[in-house]
Amino acid sequence: MTEADVAVIGGGSAGLCAAVAAARAGARTVLIERSKMLGGMGTLAKVHTFCGLYHPDVSKPPVVANAGLPEEIERRMRERTGAVPVKMGKVYVLPQDPTAFAEIARELVEAEELLEVMMGVECTAITQGDGFLLETSAGSLHAKALVDASADAVVALLLGEERLSVEPERNQRSAFVFSMKGVKAEGLEDNFRMKLALGIVRAVEAGELPKEALGTAGRSSALAGEIYFTTDLDPAPSGELMAVGRDLAEKVTDFLKQNFPEYAEAEGPFCAEQPGVRETYRWGGEYLLTEEDLLKGTEFPDTVAYASWPIELRETTRGARMRYFENPVPGNIPLRALVSKNVPGVFFAGRCISATHEALASVRVMGTCFATGQAAGSAAARYQCSRK
């Protein structure tokens with residue numbers, strides 16, 4: 001049986017930072033990831049922008065909102081790709097390359113002697129006793145503290161704890177992302193997103209593209225000549241989403257190659273390995289973070305991370321409904337929103353933190369997930385140390 005001080009379930013943006021933070025705090029840490037790649041939505045789903053990374057005041061040069069690992073990952077991505085922060089509406093974002101992010105994630109975990117990574121492994125059962133006994137597809141693991149960074153609150157499910165969710169019709173829509181490479185420079189001019197959107201609308205009206213293509217938006221990559229395309233899809237099982245997304249990617253890229261000279265010799269589509277899921281289940285913690293907390297800038301005595309992304313609701317495929325903070329300052333996230341109210345020693349981070357449906361629409365993005373992961377991992381390390 002493997003012995004650990006801290007076990008982290010999920011190796012996405014939050015789990016990566018939780019595991020590294022726990023190990024850096026001196027805890028023997030095991031990171032369990034069911035896929036073959038770290039990075040979650042930022043690698044597997046080709047989410048190509050670090051949102052929620054910067055302070056929301058765009059009247060000033062961009063500054064990373066959370067110290068520590070968010071700053072480190074931002075620096076490494078900029079050094080690796082040459083990307084610089086860009087304005088997207090009323091906020092800054094950093095274009096990111098999923099392949100580079102996977103490399104950065106690997107380098108971060110490999111640098112930590114106290115961190116063991118179990119890839120392609122799924123946690124199937126958890127028993128609470130003297131700490132936690134985890135049954136996985138690779139054997140048993142005993143840990144003193146747990147961090148649930150599974151994005152789906154899997155630890156809550158396995159422990160028999162209630163998971164929060166909303167009605168299916170309100171659930172935020174999943175995204176399908178694909179890319180094209182080798183697009184000529186004139187296809188990347190400042191107004192290319194508007195030209196692309198108009199071209200797709202006209203093609204749908206003419207019956208040349210299916211109606212699902214209407215929400216397809218393009219964005220320049222951190223790499224020259226590359227464009228990422230994102231389409232929100234109506235709810236369906238993951239396999240159906242992938243089938244619809246791939247079919248749509250083929251039709252959109254064929255249309256662009258045939259009708260726009262700048263795309264004629266481009267390669268693609270290069271499709272994501274899984275849909276970009278925005279919402280499933282969340283924990284109920286000691287505190288439930290709300291939309292009003294973020295919009296009004298509620299301060300907490302136990303603030304451990306900052307949210308800088310607006311409330312971005314995608315409850316339909318017609319685009320986002322955005323609500324910006326009342327003042328250009330980050331929202332506070334308390335440690336109590338990362339701590340189980342019923343099970344001592346359980347912490348959570350990323351998309352499954354204790355937050356309302358509306359608050360989740362802000363804190364689910366990768367920049368904030370780095371921060372809540374770091375906070376949860378550090379807290380778990382402190383907890384297990386107190387039990388020695």
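Select E315 and R170: their side chains meet in a salt bridge, 3.9 Å from N to O (a side-chain nitrogen of Lys or Arg within 4 Å of a carboxyl oxygen of Asp or Glu). E315 sits in the loop between β17 (311-313) and β18 (321-323), and R170 in the loop between β10 (163-164) and β11 (174-181), so the pair ties together parts 145 residues apart in sequence. Strands here are DSSP runs of E, at least two residues, and helices are runs of H or I, at least four, numbered from the N terminus.

A word on the model: it is predicted, so local features need pLDDT of at least 70 and side-chain atom pairs 80 or more, while totals for chains, interfaces and linings use all residues. Residues are numbered from 1 along each chain as its sequence is written, and side-chain values use heavy atoms, leaving out hydrogens and water.

Next, pick R314 and D232, whose side chains form a salt bridge of 2.9 Å, N to O. R314 is in the loop between β17 and β18, D232 in strand β13 (residues 227-233), 82 residues apart. Both R314 and D232 are buried (under 20% relative accessible area; exposed is over 50%, partly exposed in between; 1.4 Å probe, protein chains only).

Now go to K144 and D5, a salt bridge with its closest N and O atoms 3.4 Å apart. K144 is partly exposed at 22% relative accessible area, whereas D5 is buried at 2%.

**Last stop: D57**

D57 lies in the loop between β3 (49-50) and α2 (69-81). Show its side chain with that of S59: a polar contact of 2.5 Å joins them (N or O atoms within 3.5 Å, one able to donate a hydrogen and the other to accept it; residues adjacent in sequence count only if both atoms are side-chain atoms).
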